[in-house]
Each structure stands twice: as C-alpha cells, then as structure tokens.
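Trainee: I am new to this structure. Can we go through it step by step?

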Amino acid sequence: MKKILPTLAAASLMALSAQAAEDPNFKYNVDRFADIEVLRYEVPGFNQLSPRQKAMIYYLGQAAQMGRDIIWDQNCAYNLPIRQMLEAVYTGYTGDRTTEDWKNFETYMKQVWFANGIHHHYSTDKFTPAFPRTFLEAQVAAMPDKMPANASELIEVIFNPAIAAKRVCQDSSVDVVANSAGNFYAPGITQAEVEAYYEAIKDPNDPTPISYGLNARMDRNADGSLREDHYQLNGLYGPAIAKIIYYLSKAREYAENDAQKNYISTLIDYYITGDLRLFDEYSIAWAEDTASQVDFVNGFIESYGDPLGMSASWESYVNFKNIPSSQRTETISNNAQWFESNSPVDPRFRKEEVKGVSAKAINAAMLGGDAFPSTAIGINLPNANWIRAAHGSKSVTIENITEAYALASRGNGFNEEFVIDAPTTELLDKYLYTTDMLHTDLHECLGHASGRLLPGVDPDALKEHGSTLEETRADLFALYYLADPKLLELGILDNPDAYKAEYYKYLMNGLMTQLNRIELGNNVEEAHMRNRQLIAKWVLEHGKKDKVVELVKRGGKTYVKINDYRKLRNLFGQLLAEVQRIKSEGDYKAGAKLVNDYGVKIDPKLHKEVLDRYAKLNIPPYRGFINPVYVPTFGKNGEITDVTITYPENFVEQMLRLSRDYSTLTE
Ligand code: ZN
C-alpha cells in the first residue's frame with residue numbers, strides 16, 4: 001500500500017523514504033558510464049488507478065515513445081543515421097567484447113543514447129570517442145549491408161572536432177545560428193537573417209500572438225528567401241507524427257471527461273495542420289483542466305535547443321496526480337495572489353490579477369523525447385505569455401522523480417565533503433528534501449507565473465539571454481518566499497529555519513558544486529546553470545560589505561559560509577526586483593550585462609578544486625532515467641481491461657528495444 005505524507009513538512013529524507021517508497025527493495029540504480037548514472041523510477045499509486053486510467057496512461061505512453069526519433073533529428077541532422085550505424089556495430093560485433101576499444105565504443109554508444117545524439121545533453125559539446133577511428137572503420141567495413149550509405153561521412157562527423165562541434169551555441173559574440181549544430185535551421189542560414197525574418201512577420205500590437213517558429217525548421221527557398229517547414233502530419237516528421245496521432249486517439253477513448261477528450265482532439269488537429277492557433281487553443285483548454293487525474297504533455301514545447309529560443313524540441317510527459325501531496329501545491333496556488341501582491345518587485349511589473357495558477361504534485365509514468373532519459377523535476381506550462389496572463393498556467397512538481405534522485409544518492413559522501421560544518425549538514429539532512437520540493441513548487445507555480453510585461457514589450461526582447469533570465473526570475477521568486485513566515489502560517493513548513501537548508505544548498509551549488517558539470521577551461525553555458533551562478537555570485541558580491549555570504553578556507557578547502565540568512569533573503573528580493581524590471585521592460589542591455597558579469601565566467605582555481613574534490617567521491621554529475629514497461633491485457637473487443645507495470649530492462653536493453661519498436665523516421 002502506498003502511503004504519502006499529506007505535507008512534507010519536517011520529513012527528513014530517511015523518514016520520507018521509509019514512508020513513501022512503495023517497495024523498500026526497489027533498485028534505483030541501473031547503469032553507470034562516463035559522467036552519467038542511469039536510474040529507474042518507481043510509480044507509486046499506479047496500481048490504485050482505475051483500469052480506464054491505466055489504459056489511458058498506456059496509450060499516452062505509446063504516443064510518448066513514438067516521438068523519440070524527432071528529438072534525435074532535431075538535436076542534429078546526423079544523429080539518426082549515426083545511431084543506426086552505431087547500433088548495427090553494437091549488435092553485430094563478433095569480436096572480443098573485453099578489449100579497451102570495445103569498452104570505449106560501448107561507453108560512446110551509451111553516451112549517444114543518453115543524449116539523444118552525438119552532443120552532450122547538458123553542455124551540448126560533441127562527444128569525443130575514446131576508441132580509435134580505425135576501430136569503427138573496420139566494423140563498418142565488416143558489415144556493409146547494415147550500414148547507412150553515407151557511413152564514411154558519418155565517421156568523419158564523429159571524429160572531426162571541427163564538424164558540428166556544439167549543438168547550442170550561446171556565445172553572443174558570434175552568430176549563434178551558424179555556430180549551432182542543432183537542426184532547427186538549414187545549413188548556411190545566419191542569425192541576422194532569422195531575426196529579420198521574424199521581425200518582418202511579427203505584429204507587435206497583436207495581444208494574442210502565436211508562438212512564432214515553435215513548430216518549424218527554417219530552410220531556404222530557391223530565391224534565397226527563408227521559409228518555415230512545419231512539423232506536421234504532411235510535413236516534417238510526418239511519419240512520427242502519424243504514430244503519435246494514432247496513439248493519442250486511442251488514449252482519447254479512455255479520457256476522464258469531455259473537456260479532456262476535446263483538447264486531445266484539438267491537439268490532434270494541430271498535429272495534422274501545424275496551425276499554431278490550434279496549439280494555443282489546445283494549451284488553454286489543457287491549462288484549464290484541473291479535474292483529470294491522468295495528464296500529459298505531448299508536443300513541441302521548450303525552445304532551449306534553439307539558440308534563438310524560437311523552435312521547440314519534441315517532448316512528452318505522461319503522469320497522474322499524486323492526490324495527497326497535491327494538498328501542499330494547492331495551498332500555494334490558492335494563495336498565488338497574496339504572493340504576487342507582496343512580492344518585492346515594482347507594482348507596475350506585478351500581475352494585478354493572478355489567473356488560474358493551478359499546481360499539483362504528480363508521479364511521472366512515462367518520459368519521452370527531450371524529457372528522456374534526462375528529465376526535469378518540475379514543469380510549468382503553457383509557455384505563451386498572453387495565455388499565462390489571460391488563462392493561467394499549470395504547474396507540476398514531479399514527486400516520484402525527485403524521490404528517486406534523493407533515494408539513489410543516500411550516503412554518497414557529498415555533504416561531508418562540501419558542507420561547511422556539522423550543524424549545517426544536520427540542517428540539510430532535516431530540511432533539504434522538503435525545501436527542495438517546495439522550491440520546485442514555488443519556482444514553477446508562482447515564479448514563472450508571476451509578473452507582467454509592460455504594454456508593447458516584445459516577449460523575446462531578451463533574445464539569447466531570455467531563458468537564463470526567466471529561470472533566474474523564477475528561482476529568485478522561490479528563494480525569496482521560502483523564507484517568508486507566510487509558509488508557516490499556511491502550514492507548509494513547520495520550522496522558521498527550514499528555508500536555510502535550501503539557501504545553503506543553492507549557494508553552495510551556484511558558487512561551487514555545479515562546476516563539476518563543466519570541463520576545466522570552459523565557461524558556464526546552460527541556461528539553468530548560468531541562472532544559478534548569476535544569483536549566487538550576485539549575492540556574494542552585493543553582500544560583501546556586510547559579509548552576508550563568504551567563501552572561506554578550512555584545511556585548504558573552500559567552503560560557502562552564510563553569516564546572515566535574513567540579509568541574504570533581502571538580497572534575493574533586490575535582485576528579483578531588478579530581473580523582473582529587465583523582463584518587464586525588455587531591457588536587453590541590462591539583462592546581457594547581468595548574465596555576462598555573473599553567470600558565465602569561472603574562477604579556474606576554484607573550478608579545479610571542485611573537480612578534484614568531486615573526483616574522490618566518484619559521484620556522477622548527471623543522472624537520468626529509463627522508463628517502466630507497461631503490459632496491457634486486452635478484452636474481447638480489443639479494449640484494455642488492465643495494465644501491469646514492469647521493470648524488466650537495463651539501459652542497453654531499453655535503448656535497443658526503443659530503436660527496434662519506435663523508429664519512425666529511419667528505414
Ligand atoms: Zn523554470
């Protein structure tokens with residue numbers, strides 16, 4: 001039987017794990033290679049769902065997996081044929097599987113699987129294989145009938161560091177479109193051309209603009225002008241979209257209510273036509289559906305993969321509401337107006353009326369596309385600013401994923417190495433799990449949903465810094481309110497010092513430990529990492545005079561020391577006010593300066609120290625998940641009567657099965 005605490009307040013990690021895990025012997029750890037650890041996640045509560053709900057999850061899960069090839073192709077045009085080539089070698093190799101070359105090949109294969117392509121999922125740098133080029137060439141030559149026609153070109157792509165070096169270039173001193181290997185723009189298209197294209201078609205006075213470019217790859221016409229090729233049934237990715245539509249329509253038969261049935265139909269119509277107005281219509285109806293327990297995301301949603309943040313990567317989350325845990329998020333969303341009206345930002349930039357911010361805790365049941373194997377712990381959608389303002393948004397905290405992360409890292413020595421002293425460690429042990437989850441709630445439910453643009457401000461005005469500054473804003477909102485007595489008053493936290501656990505972890509991560517994810521000599525690139533460093537370094541510098549936060553040396557090692565948590569909260573509030581101003585006014589210059597001054601550069605000495613200390617702990621910097629396998633039972637008329645959840649596979653087995661059964665864009 002499943003037991004979940006109604007609120008997570010005061011639950012230490014150990015207490016929580018004892019009460020929340022459905023199977024105390026559940027094996028979270030699946031595989032380990034390069035800088036990656038693969039986990040599996042439990043789906044507590046699945047067996048208590050009704051047969052109809054399980055059937056819906058089964059079909060939505062099929063739809064989630066059918067889009068896998070789309071993200072591979074979006075990440076880089078070479079990815080699908082390279083996967084074909086590598087998998088043919090992986091399965092067809094008859095040589096010795098204990099040699100160094102083979103082991104290095106296998107690691108590379110797993111890295112490519114995990115990243116949905118040849119670029120690291122986080123740094124977006126192209127992987128460098130540790131096996132020699134001749135090894136791959138020999139295997140390819142040995143099985144020519146299994147190889148794509150352009151195998152030698154693909155080998156050149158893998159081994160030539162000058163080709164497709166970076167998936168998403170964020171260096172604003174160069175042309176970010178021309179220097180990104182992602183497949184959102186045909187080769188030869190420049191940033192200036194794309195910006196001019198959208199400049200010409202955007203209507204700044206449209207109160208309900210479509211999400212320009214969201215479902216399109218840009219290519220060039222014969223006359224040299226640009227055109228959008230839409231991802232739709234009779235367009236780009238048509239064969240994959242056809243399968244997605246098929247399984248969405250099967251899922252629709254098991255929808256929980258008419259509203260859900262209707263917006264699944266609208267989503268299908270959008271996939272058929274590529275009409276972004278229909279996507280908006282679907283998004284509104286989806287955001288307004290708070291009645292259904294089974295829920296999903298399926299589409300071209302987030303645009304982090306496009307250096308200009310226009311075109312979106314395909315992703316899917318299938319999930320269901322975790323009803324007991326949702327009491328916490330519902331309390332927060334019911335008080336959204338209070339948080340907005342009391343925020344430290346200029347009233348001109350606040351929302352006068354916060355509409356329909358719904359929040360819930362969910363358990364993920366299937367991850368797909370860009371959300372797999374690496375995945376988020378919280379989501380807030382839709383992304384369109386005008387929809388959020390007029391119709392609200394839906395915010396979720398993915399509880400079983402958060403739990404899997406926490407339970408898989410018990411006893412790994414991290415706190416002992418990086419946390420400054422025993423009382424702080426104790427604080428983290430006691431409150432970090434709770435406040436981390438709460439930080440996600442506040443970030444997604446209130447942070448992203450807060451604030452407004454001044455009339456006439458282009459929502460894309462912050463350009464390549466837009467994603468970083470948006471995450472900064474949401475994190476600051478969450479950090480500021482974590483320390484607010486309101487949370488005690490609402491019964492969400494039970495100790496006025498609990499927030500300190502999250503504050504300490506946040507600064508330790510932003511100033512030091514996240515550097516473990518970056519190679520020595522590189523800058524911070526990824527939007528969330530930039531945002532975390534930006535906030536941490538800004539408060540370090542602006543609190544210097546009062547010694548609010550310090551980096552101190554103990555026994556030759558650097559530690560974060562927080563001297564004044566109340567003043568730290570005020571600094572978070574000040575920065576929130578400034579970042580909201582930048583967003584509301586579309587102040588690109590100030591935004592770029594903030595990101596470049598605080599979010600990008602790394603002290604090489606500290607960086608090296610962090611890497612060395614981490615190396616001793618042997619903790620993988622990145623983690624992701626394989627999915628469970630759902631086995632349906634069919635009745636006489638082909639209807640699903642029950643679904644069993646199983647965990648039969650390791651990472652390699654799951655990847656090979658997906659390539660075998662869900663390849664929609666190859667062959
Ligand atoms: Zn966010």
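Trainee: In which loop does P382 lie?

Mentor: Keep in mind that this is a predicted model. The peptide bond from L381 to P382 is cis, with omega near -5°. Most peptide bonds are trans. As for its place, P382 lies in the loop between β8 and α14 (385–391).

Trainee: Where is T124, and is T124 buried or exposed?

Mentor: T124 sits in the loop between α5 and α6. Its phi is positive, about 65°, although T124 is not a glycine. The cut-off for buried is under 20% relative accessible area. T124 has 7%, so it is buried.

Trainee: What is the phi of Y237?

Mentor: Y237 is found in the loop between β4 (226–230) and α9 (238–252). With a relative accessible area of 6%, Y237 counts as buried. Most residues other than glycine have a negative phi. Y237 is not a glycine, yet its phi is positive, at about 65°.

Trainee: Which side chain makes a polar contact with the side chain of N183?

Mentor: N183 is in the loop between α7 and α8 (191–201). Its relative accessibility is 7%, so N183 counts as buried. Beyond its sequence neighbours within four places, N183 is in contact with residues including D73, Y237 and R217. The polar contact is 2.9 Å, and the partner is the side chain of R217.

Trainee: What covers the buried residues of α7?

Mentor: Helix α7 spans residues 151–159. Its buried residues include L154, I155 and F159. The cover includes α4 (79–92), α5 (100–115) and α6 (133–142).

Trainee: How do F131 and F135 pair?

Mentor: The whole structure holds 43 aromatic pairs. F131 and F135 form one, with 6.0 Å centre to centre and 65° between the planes. F131 and F135 are both buried. Planes over 60 degrees apart set the class, so the pair is edge-to-face.

Trainee: Which residues are the protein donors of the zinc ion?

Mentor: Along the chain the donors follow the spacing H-x4-H-x22-E. H443 and H448 are both buried. The donors lie 2.1 Å from the zinc ion, and they are H443 (NE2), H448 (NE2) and E471 (OE).

Trainee: Which residue lies over the face of W338?

Mentor: There are two cases to look at. R613 lies over the face of Y559, at 5.0 Å from the ring centre. For W338, the distance from the ring centre is 4.6 Å, and the residue is K486.

Trainee: Which backbone oxygen does the side chain of R32 reach?

Mentor: R32 lies in strand β1 (residues 29–33). Its relative accessibility is 36%, so R32 counts as partly exposed. R32 touches E37, N618, I619 and P620, leaving out residues up to four places away in sequence. At 3.3 Å, its side chain reaches the backbone oxygen of N618.

Trainee: What joins the side chains of S393 and N380?

Mentor: S393 is in strand β9 (residues 393–398). Its relative accessible area is 1%, so S393 is buried. What joins the side chains of S393 and N380 is a polar contact of 3.5 Å.

Trainee: How far apart are the C-alpha atoms of P604 and N221?

Mentor: P604 is in helix α24 (residues 604–617). Its relative accessibility is 57%, so P604 counts as exposed. P604 and N221 are 383 residues apart along the chain, and their C-alpha atoms are separated by 46 Å.

Technical notes
Residues numbered from 1 in each chain as written. Predicted model: local features only at pLDDT ≥ 70, side-chain atom pairs only at ≥ 80, totals over all residues. Heavy atoms only, no water. Helix = DSSP H or I, 4+ residues; strand = E, 2+ residues; numbered from the N terminus. Buried < 20%, exposed > 50% of the residue type's maximum accessible area, 1.4 Å probe, protein only. Contact = heavy atoms within 4.5 Å. Polar contact = N/O pair within 3.5 Å; in protein donor to acceptor, adjacent residues only side chain to side chain. Donors = N, O, S within 2.8 Å, 3.2 Å for Na, K, Ca; no water. Phe/Tyr/Trp six-rings, centres within 6.5 Å; stacked < 30°, edge-to-face > 60°. Lys NZ or Arg CZ within 6 Å of the ring centre and 35° of its normal.
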